[in-house]
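Open the model in your viewer and get ready to select some side chains. This tour visits aromatic rings, stop by stop.

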Amino acid sequence: MRQGACSFGLWKVAVDYDDTVIHRVRFMRTAPEGPVPIQFTRFLAGKRTTFAPLTSAAVSGDGKYAQIYREVSRIPYGETRSYGEIAAAAETHPRVVGNAMARNPTPLIVPCHRVVASDGSPGGFSPDPDIKKNLLQLEKTTSRRLFS
DNA sequence: ATATGCTCTAGAA
DNA sequence: TTCTAGAGCATAT
């Protein structure tokens, strides 16, 4: 297993991976040095809208969380869905979706930042909700640029 | 068995 | 319209 990190604003994005399988992604203040797949730096620079062919280890399996992560992975770049909508698609309760997002081992790959509350407010994000806002902002401006 | 959570809806105020 | 209460369910402890 390899590990590395890149920057996103004030934060470091630490990535644990093997070949094209991403095991863990974390936002931290300081992170171990090392290379990350090019998809990360390009995505975070607004120069890429997908992580393909990278995949998250969290989407495989038959658990309820894996189902939820698969549904979340379907949300297109620049769009959002509510916790309730994801819950309906995965046939579970909205709070379970909240739990799954809170424990998402691979944010970005499984775009949990695109899941917002039903009234459009951002909802939570650890370690800092601002990261979620920044990611949504990045996707909004990037998708607008790609469409001009 | 109980506590917890990045929620949601309905009904009261 | 804003606020509160409780439903509802997978996981962690």
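Start by selecting Tyr65 and Tyr69, which both lie in helix H2 (residues 64-73), four residues apart, about one turn of the helix. Helices here are DSSP runs of H or I with at least four residues, strands are E runs of at least two, and both are numbered from the N terminus. This is a predicted model, where local features need pLDDT of at least 70, side-chain atom pairs count only at pLDDT 80 or more, and totals for chains, interfaces and linings use all residues. Residues are numbered from 1 along each chain as its sequence is written, chains are lettered from A and ligands numbered from 1 in the order written, and side-chain values use heavy atoms, without hydrogens and water.

Now colour by accessibility: Tyr69 is buried at 4% relative accessibility, while Tyr65 is partly exposed at 29%. Buried means under 20% relative accessible area, exposed over 50% and partly exposed in between (1.4 Å probe, protein chains only).

Next, select Phe27 and Phe125. Their ring centres are 6.0 Å apart and the planes stand at 70 degrees, so this pair is edge-to-face. Rings of Phe, Tyr and Trp (its six-membered ring) pair if their centres lie within 6.5 Å; planes under 30 degrees apart are stacked, over 60 edge-to-face, the rest tilted. Phe27 sits in strand E3 (residues 21-28) and Phe125 in the loop between strand E6 (115-116) and helix H5 (129-146), so the pair ties together parts 98 residues apart in sequence. Both Phe27 and Phe125 are buried.

For a last stop, pick Phe40, Phe43, Phe51 and Tyr77, which form one aromatic cluster.
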